[in-house]
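Trainee: I am new to this structure and should like to be guided through it. May we proceed by question and answer?

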Amino acid sequence: MNLPISLYVALRYWRAKSADRFGRLVANLASFGIVLGVMALIIVLSVMNGLEGHQKQQVLSSIPHAIVSQDAPISAEKPLENTPHFVQKAVPINTTNVVFQTAKGVSAGQVIGIQSFSDDPLLEGIDPSQFNQLLPQGEFKLIIGDKLAQKLGLVVGDKVRLMITENSQYTPFGRVPMQRLFTVSELYYDYGEASGYEVFANLADIGRLMRIQPGEAQGYRLFLDDPFQITELPTYFKESHISDWRVQKGEFFQAVRMEKNMMGLLISLIIVVAISNIVTSLSLMVVDKQGEIAILQTQGVTKSQVRSIFIYQGLLVGLVGTLIGAVLGVLITLNLGAILSAVNPNGVFLPTSIEPVQVIIVIVFSLLLSLLSTIYPAYRAAKTEPAEALRYE
């Protein structure tokens with residue numbers, strides 16, 4: 001196989017055992033540093049992706065991804081128009097913030113009006129056929145979370161007063177919040193925080209307290225394939241009001257995303273430091289190979305080919321380190337659970353998610369820095385004058 005002269009010489013230099021042991025050591029350290037940097041960056045980004053996805057599934061599965069409403073109540077009997085393809089489900093909803101009052105305590109929370117248990121993931125474990133028994137229209141019954149029930153000392157059959165702070169009525173004693181006694185008909189259980197403040201009632205009962213006519217609702221509650229697709233909703237519902245999960249959890253996921261970016265930036269510095277060693281090793285090689293460079297030039301090798309020799313040399317160091325680091329990073333990420341179990345038998349759960357696009361970006365980033373690190377040494381090598389280099393040979 002006929003290789004370009006520049007690549008052929010670069011391969012010979014890369015495989016040969018240089019007499020300059022220090023220069024060889026610097027080159028090996030550069031390659032090893034790139035391996036560690038690329039491997040660590042892929043592992044950290046994959047773990048952060050997994051944690052973000054796990055939090056998305058655990059935290060956002062129990063709250064509305066988005067609520068689409070208008071200035072006036074809409075019909076709860078008609079399907080939502082212009083529903084985008086990434087919406088899994090759209091159900092009518094009446095919801096408001098409330099204050100729960102019992103003889104044993106007071107707590108703030110949210111009440112959600114539903115038409116069936118399938119309207120909310122928290123209630124999917126309850127038999128759908130019992131809906132008319134547990135939440136019959138007009139009887140003002142509630143299904144509350146186990147944590148809220150413990151906090152207020154409630155059991156099935158107890159009464160709890162709901163005060164709607166967003167709606168009020170005028171009385172001889174002034175303006176007071178709309179309130180109504182509800183009966184606890186069932187408890188639901190959830191490991192998340194939703195069971196500490198979310199309760200469910202019949203859609204019509206909540207609408208009645210909010211002065212919404214039967215058969216109408218505040219809006220539609222949307223569940224998306226990916227909760228992060230909420231930014232696309234305004235394109236489909238231009239004349240509607242949209243409130244989404246960012247009101248409650250936006251700061252949390254923003255902090256997670258910022259932590260992910262900062263971790264990626266810090267780990268990237270390992271690659272930057274390692275690749276800076278390529279500059280040192282190539283500079284030492286240029287000094288060590290002055291005579292050989294001059295001889296090559298006297299035999300017809302052009303200055304551009306001399307530059308290419310050292311560019312290829314630096315790229316080989318960066319390429320080998322990057323590919324080994326990428327392979328090790330992917331393999332360790334795929335087996336991270338088993339590795340952690342071997343190190344810590346008590347078990348540490350770290351979800352991971354490898355995104356091919358991120359891996360490609362890390363590889364391209366490392367190779368690009370490797371290329372940039374070769375420019376100065378290659379330029380210095382091309383400036384070598386044969387007469388000056390061979391004067392004392």
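Trainee: Which residues of α11 are buried, and what arc do they cover around the axis?

Mentor: The buried residues of α11 are Q358, V359, V362, I363, S366, S370 and S373. They lie on the same side of α11 because they cover an arc of only 140°.

Trainee: How far does α11 reach from its first C-alpha to its last?

Mentor: Helix α11 runs over residues 356–373 and has 18 residues. At 1.5 Å a residue, a span of 26 Å is expected. The model comes close to that expectation, for the reach of α11 is 26 Å.

Trainee: Which elements give two or more residues to the lining of the largest cavity?

Mentor: A search of the whole structure finds 1 cavity of 30 Å³ or more. The largest cavity has a volume of about 40 Å³, and its lining consists of I42, L45, S46, E355, Q358, V359 and V362. The elements that give two or more residues to this lining are α2 (21–60) and α11.

Trainee: Within what arc do the buried residues of helix α12 fall?

Mentor: Helix α12 covers residues 375–382, and its residues P377, A378, A381 and A382 are buried. Seen down the axis, these buried residues line one face of the helix, because they fall within an arc of 135°.

Trainee: How far apart in space are V286 and A382, C-alpha to C-alpha?

Mentor: V286 is found in helix α7, residues 246–288, whereas A382 is one of the buried residues of α12. V286 counts as buried because its relative accessibility is 5%, and the cut-off is under 20%. In sequence, V286 and A382 are 96 residues apart; in space, their C-alpha atoms are separated by 9.5 Å.

Trainee: How far apart in space are I278 and L371?

Mentor: I278 also lies in helix α7. I278 is buried, with a relative accessible area of 0%. Although I278 and L371 are 93 residues apart in sequence, their C-alpha to C-alpha distance is 9.8 Å.

Trainee: Turning to the strands, how many bridges join β2 to β3?

Mentor: Strand β2 covers residues 87–102, and β3 covers residues 105–114. A hairpin joins the two strands through 2 residues. Within this pairing, N97 has Q110 of β3 as its bridge partner. The strands run antiparallel, and the number of bridges is 9.

Trainee: Is F140 buried or exposed?

Mentor: F140 has its place in the loop between α3 (131–134) and β4. Its phi is near 50°, a positive value in a residue other than glycine. The relative accessible area of F140 is 2%, and the cut-off for burial is under 20%. F140 is therefore buried.

Trainee: What is the phi of R211?

Mentor: R211 lies in the loop between α5 (203–209) and β8. Its phi is positive, in a residue other than glycine. The value is near 60°.

Trainee: In which element is confidence lowest?

Mentor: The chain averages a pLDDT of 79, and 86% of the residues score at least 70. Confidence is highest in strand β4, residues 141–145, at a mean of 90. Where pLDDT is low, the predicted coordinates should not be read in detail. The lowest confidence, a mean of 59, is in residues 386–389, helix α13.

Notes. Residues are numbered from 1 along each chain as its sequence is written. This is a predicted model: local features need pLDDT of at least 70, side-chain atom pairs count only at pLDDT 80 or more; totals for chains, interfaces and linings use all residues. Side-chain values use heavy atoms; hydrogens and water are left out. pLDDT is the predictor's confidence in each residue, from 0 to 100. Helices (H or I, at least four residues) and strands (E, at least two) are DSSP runs, numbered from the N terminus. Two strands pair if DSSP finds at least two bridges between them. The expected span of a helix is 1.5 Å times one less than its number of residues. Buried means under 20% relative accessible area, exposed over 50%, partly exposed in between (1.4 Å probe, protein chains only). The arc is that of the directions from the helix axis to the C-beta atoms. On a 1 Å grid over the protein atoms alone, a cavity is a set of points where a 1.4 Å probe fits but cannot get out, and a pocket is an open set with protein on both sides within 12 Å along at least five of seven lines; lining residues have an atom within 4 Å of a point. Grid points are joined across faces, edges and corners, and a volume is the space filled by probe spheres set on the points.
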